[in-house]
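I opened this one to look up a few things and jot them down as I went.

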Amino acid sequence: MARALRLAVRGQYTAHPNPMVGCVIVSGDAIVGEGWHEVAGEAHAEINALRAAGDRARGATAYVTLEPCAHHGKTPPCTRALIDAGVAEVVFALDDPYPDVDGRGEQALITAGIMVRKGLMRESVAQLLAGFLSRNARGRPRVRLKLASSLDGRIAMADGQSQWITGRDARADVQRLRARAGAIMTGIGTVLADDPSLTVRADAIDTRGRQPLRAVLDSRLRMPLTAKMLNLPGKTLVYCASDVERQRLTDAGAVVIRSSGDAAAVDLRQVLADLARREVNDVLVEAGPRLAGALIEQKLLDELVIYQAPHIMGSETIGMFATPTWSALADRQNVTITDVRRVGDDTRITAAVIQGN
C-alpha cells in the first residue's frame with residue numbers, strides 16, 4: 001500500500017478533478033503489476049496495473065489507495081475489470097465518498113466473491129486526498145493560502161511593492177503549488193496592484209495543458225480589460241456582488257458570477273461552493289492581507305504555506321493578515337506546523353489551520 005501511495009502522487013498535476021489513485025498487484029511475494037491514475041478521462045490506476053500484470057493478476061491481491069469505482073463515468077468501472085481479471089483479494093485504504101461510488105465498489109467486489117479488506121494506511125491516503133474529500137464531504141474545496149514574507153512577517157512595502165520578497169527557488173516551488181490546485185483565487189486589490197498571471201508555466205510543470213481556474217473576487221467589477229490573465233490560456237472567473245459593468249468583462253472572455261455580498265466583499269462560502277460544483281478539489285489563494293484575514297475570520301482556511309525570506313522589512317510595511325481587533329491571547333488562531341524546509345535561501349513553512357469546519 002505504501003508503494004501504491006507513492007504511485008498515486010505521480011498524478012498530482014494531471015489527475016484533477018479526479019482523485020490521485022495508485023494500485024499495486026501482488027502475486028505471492030512478487031509485484032506483478034502497478035499503475036496510477038495518470039490523466040483525468042483516461043484509464044484509472046487499477047486498469048493500468050491490470051494491463052501491466054496481464055494473466056498474472058489471476059488469484060493475485062490488488063492494493064488500491066481508494067475504493068474501486070463501480071459506475072460508468074468517462075471510463076468503465078474498475079470493479080468489473082478486477083472481477084474479470086480474476087483477482088482473489090482487493091485491499092483498499094479509503095472509502096470513496098463520491099456519490100456514484102460510496103460503498104458500491106466494495107459491495108460489487110464482495111458480491112463477485114472477491115475478498116475485500118479496507119483501512120490499511122487510511123490516514124496517509126486521506127491526507128493525500130484532502131481536497132477531494134473536502135469537496136465531497138463539506139461541499140467546498142480545501143483552501144490553501146500561499147504567502148511570501150520577510151523574517152518579520154511582512155508581505156509588501158507601504159506602497160504595495162512586493163516583487164520579489166523571496167528568491168527564484170521559492171517562486172519555482174510556487175509553480176508546483178499552482179499545478180496541484182484546481183483553482184487559484186485572488187482579490188481585485190492584487191489584480192490592480194500586481195496584474196498577476198496566476199498560471200502554471202509550461203516550462204516549469206507538465207500539466208498536460210491543464211491550467212487551474214483563476215477566481216477573482218471583485219465585488220464592484222473593477223477588473224480592467226487590460227488585465228493580463230484575460231488574455232492567457234485557461235478560464236478566468238470573476239465573482240461580484242453587482243451586475244454593473246458585467247457585459248464588458250463577459251465580452252473580454254471572463255465568466256462573471258453574481259454572489260451574495262456587498263460593495264465591500266462577496267460571500268466567500270458561496271464562492272467556494274460554486275468552485276466545488278465546478279469540480280475544484282483544492283484552491284490556492286494568492287492574495288493580500290484583507291482576503292487572507294477574511295479566510296481566517298470565517299474559518300475557511302485549511303492550510304498555510306509561508307515562504308519566509310531571510311531579511312527584515314520593518315514596521316512601516318504590510319503584514320500577512322488584516323483581521324478584526326484581537327485583544328486577548330485567546331483570540332489568536334492556532335495552527336499545527338506540519339513541515340519546515342529550506343527552498344533556496346528561503347524557508348518554507350507548511351501549517352494546518354485548526355478550525356471547526
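This is a predicted model: local features need pLDDT of at least 70, side-chain atom pairs count only at pLDDT 80 or more; totals for chains, interfaces and linings use all residues.

**Cysteines.** I checked Cys-78 and found its sulfur 3.7 Å from the closest cysteine sulfur, in Cys-69, which is too far for a bond; a disulfide here is a pair of cysteine sulfur atoms within 2.5 Å. Cys-78 counts as buried, at 1% relative accessibility. My cut-offs for that: buried is under 20% relative accessible area, exposed is over 50%, and partly exposed is in between, with a 1.4 Å probe and protein chains only. Searching the whole structure gave me zero disulfides. Cys-23 is in none either, and its nearest cysteine sulfur, that of Cys-78, is 8.5 Å away. Cys-23 is buried too, at 0% relative accessibility.

**Ground rules.** Residues are numbered from 1 along each chain as its sequence is written, and side-chain values use heavy atoms, with hydrogens and water left out.

**Second largest pocket.** What lines it? I get 36 residues, with Gln-127, Arg-142, Arg-144, Arg-180 and Glu-303 nearest the centre. Elements giving two or more residues to this lining include helix H5 (122–128), helix H6 (130–138), strand E6 (142–149) and helix H7 (168–180). Helices (H or I, at least four residues) and strands (E, at least two) are DSSP runs, numbered from the N terminus. The pocket's volume is about 1,100 Å³. By class I have 13 nonpolar, 11 polar and 12 charged residues in the lining. Nonpolar covers Ala, Val, Leu, Ile, Met, Phe, Trp, Tyr, Cys and Pro, charged covers Asp, Glu, Lys and Arg, and the others, Gly among them, are polar. For the record, a pocket is an open set of points on a 1 Å grid over the protein atoms alone, where a 1.4 Å probe fits, with protein on both sides within 12 Å along at least five of seven lines; lining residues have an atom within 4 Å of a point. Points are joined across faces, edges and corners, and volume is the space filled by probe spheres set on them.

**Gln-175.** I found this residue in helix H7. Is Gln-175 buried or exposed? It is buried, with a relative accessible area of 6%. Its side chain reaches the backbone nitrogen of Arg-201 at 2.7 Å, a polar contact being a pair of N or O atoms within 3.5 Å, where within protein one must be able to donate a hydrogen and the other to accept it, and residues adjacent in sequence count only if both atoms are side-chain atoms. Leaving out residues up to four places away in sequence, Gln-175 touches Thr-199, Val-200, Arg-201, Ala-204 and Ile-205, with contact meaning heavy atoms within 4.5 Å.

**Helix H11.** In H11 (residues 289–297), I list Leu-291, Ala-292, Gly-293, Ala-294, Leu-295 and Ile-296 as buried. Their cover includes E6, strand E8 (183–187) and helix H10 (268–277). Lys-299 follows H11 and has a positive phi, near 55 degrees.

Most residues other than glycine have a negative phi, and most peptide bonds are trans. I noted Asp-195 with phi near 50 degrees, partly exposed at 26%. Glu-279, in the loop between H10 and E12, has a positive phi of about 65 degrees. The bond from His-16 to Pro-17 is cis, omega near 5 degrees.
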